[in-house]
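Thanks for coming, everyone. I'll walk you through one structure, stop by stop. Have a look at it first.

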Amino acid sequence: MHFMEIKALDEQYVLQTYGRNPVAIDHGKGATLWDTEGKEYVDFTSGIGVCSLGYANEQWAKAIYDQAMKVGHISNLFYTEPYVRLAAKLVPAAGMSGVFFGNSGAEANEGMIKLARKYSFDKYGQGRATVITLKNSFHGRTITTLKATGQDHFHEYFFPFTEGFRYADANDMDSLLSAAGDDVCAVMMELIQGEGGVNPLQKDYVQAVAKLCAERDWLLLIDEVQTGVGRTGSLFAYQQFGVEPDVVTFAKGIAGGLPFGGFMANGKCRNVLGAGTHGSTFGGNPMAAAAANVVLDTMTPAFLQEVREKGEYLRRGIEALGSPYVSGVRGMGLMLGVGVQGMKHTELKDKLMAEGLLTLTAGSDTLRLLPPLVISREEMDRGLAIMKKVMA
Ligand SMILES: *Cc1c(COP(=O)(O)O)cnc(C)c1O
């Protein structure tokens with residue numbers, strides 16, 4: 001099908017909830033994509049931080065195919081091998097104690113919030129259910145995770161929202177302390193606010209929050225849906241912040257493109273959710289777990305080192321453009337935010353796309369780059385050349 005036919009069918013039959021780009025993607029290889037009209041793009045998006053191994057990765061595709069030909073799905077009333085193999089790699093590598101598998105980021109965060117509230121209920125009884133989250137955060141689009149998201153415009157239309165959230169300014173302990181109270185059970189945060197504009201938290205702030213949580217028996221909940229699974233150059237970003245979460249979520253990049261996510265709990269929290277308290281029909285799906293095993297096997301120390309080096313290469317390449325439209329580059333590993341000035345960030349994204357480079361936006365003035373972790377120097381150079389052409 002050509003683009004115009006696809007767009008017409010979308011408009012006729014699909015709820016119009018997305019502001020889509022005027023492009024229909026057909027196929028890809030590595031970090032390069034082609035649309036239905038045959039136009040080629042360098043991809044600095046990976047979906048939105050999902051396709052960590054790029055497109056048409058043969059090992060990944062074969063693992064999914066092989067598993068589909070064995071058993072594609074069976075209920076969680078039975079054991080299967082792919083998810084236990086994954087758990088046995090993921091949990092020790094993260095320094096955690098146990099994992100629950102679900103399907104998406106919002107769902108993972110919902111489960112994490114449930115765990116925090118039950119931890120507190122089991123130990124202290126009712127009335128200690130409030131979760132403090134940070135302003136400018138993003139935690140998902142369910143009724144509860146919308147409320148957990150610290151941005152007012154996500155708290156519209158869908159009333160009544162789940163109660164029990166308060167918001168603190170990022171990197172500000174005084175603000176956190178003024179949100180504190182006897183009703184608090186947890187603090188929940190992203191270590192680099194992704195949708196909010198690729199804003200890394202300060203390391204000393206994150207450590208101070210962890211210390212306060214430990215003192216007050218609040219759970220430290222870290223949302224690594226975007227930052228996790230190698231994106232920042234370590235398996236999880238908290239490993240570079242010198243803190244250990246009580247519970248951590250992951251999703252986007254974990255299965256390289258299949259819907260998958262979940263949360264891990266430390267020793268203190270591993271028995272909070274017992275039989276019958278949480279579940280998911282599709283969670284731990286064998287095909288998604290087989291795909292995730294390929295992703296996780298790729299995340300060797302050498303590979304993660306390369307992610308950090310590629311991130312530096314891209315950052316320096318963008319800084320070297322000396323573009324008047326760039327106010328600065330933030331981020332870690334291959335999660336970069338380019339501050340845009342003198343042009344709207346969405347306009348810049350559109351111009352880059354017209355020249356064959358796909359990027360994302362975030363916040364109000366940020367170009368967000370989340371390339372496949374396997375992107376080659378040659379592909380980064382092609383992307384930088386397009387940036388130079390558009391932004392010089
Ligand atoms: C994308 C994202 C989510 C939501 O994930 P979905 O899979 O879209 O539900 C939650 N938290 C963070 C930090 C994210 O980046």
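Let's start with a proline. Pro372 sits in the loop between strand S17, residues 366-369, and helix H13, residues 377-391. Before going further, a reminder: this is a predicted model. Is Pro372 buried or exposed? Pro372 counts as buried because its relative accessibility is 0%, and the cut-off for buried is under 20%. Now compare positions. Pro372 and Leu314 are 58 residues apart in sequence. In space, their C-alpha atoms are 13 Å apart.

Next, an arginine. Arg315 belongs to helix H11, which covers residues 301-320. Arg315 has a relative accessible area of 16%, so this residue is buried too. What does its side chain meet? A polar atom of the Arg315 side chain lies 2.7 Å from the backbone oxygen of Gly331.

Let me pick out some contacts. Each involves an oxygen atom of the ligand. Ala106 uses its backbone: an N or O atom there lies 2.7 Å from a ligand oxygen. Gln226 uses its side chain, where an N or O atom is 2.7 Å from an oxygen of the ligand. Lys252 also uses its side chain, with a polar atom 2.6 Å from a ligand oxygen. How much of the ligand does the protein bury? Taken alone, the ligand exposes 380 Å², and the protein buries 80% of that.

On to the pockets. How many residues line it? The lining has 27 residues. Nearest the centre are Val99, Phe100, Phe101, Leu273 and His278. Three elements each supply at least two lining residues: helix H4 (81-94), strand S4 (98-102) and strand S12 (261-265). S4 gives the largest share, 4 residues. As for class, this pocket lining splits into 15 nonpolar, 11 polar and 1 charged.

How many cavities of 30 Å³ or more does a search of the whole structure find? The search finds 2.

Take the largest cavity. It holds about 40 Å³ of space. Its lining has 13 residues, and Ile74, Ser75, Asn76, Gly283 and Gly284 lie nearest the centre. That lining counts 5 nonpolar and 8 polar residues, with no charged ones.

Then the second largest cavity. This one holds about 30 Å³. Gly49, Ser52, Gln226, Gly228, Val229, Arg231, Gly253 and Leu373 line it. The classes here are 2 nonpolar, 5 polar and 1 charged.

To recap: we began at Pro372, buried at 0% relative accessibility. We passed Arg315 in helix H11. Over to you for questions.

Terms used
Residues numbered from 1 in each chain as written. Predicted model: local features only at pLDDT ≥ 70, side-chain atom pairs only at ≥ 80, totals over all residues. Heavy atoms only, no water. 1 Å grid on protein atoms, 1.4 Å probe; cavity = no way out; pocket = protein on both sides within 12 Å on 5 of 7 lines; lining within 4 Å. Nonpolar A, V, L, I, M, F, W, Y, C, P; charged D, E, K, R; others polar. Polar contact = N/O pair within 3.5 Å; in protein donor to acceptor, adjacent residues only side chain to side chain. Areas by Shrake-Rupley, 256 points an atom, 1.4 Å probe, with all protein chains shown as cover. Buried < 20%, exposed > 50% of the residue type's maximum accessible area, 1.4 Å probe, protein only. Points joined across faces, edges and corners; volume = space filled by probe spheres on them.
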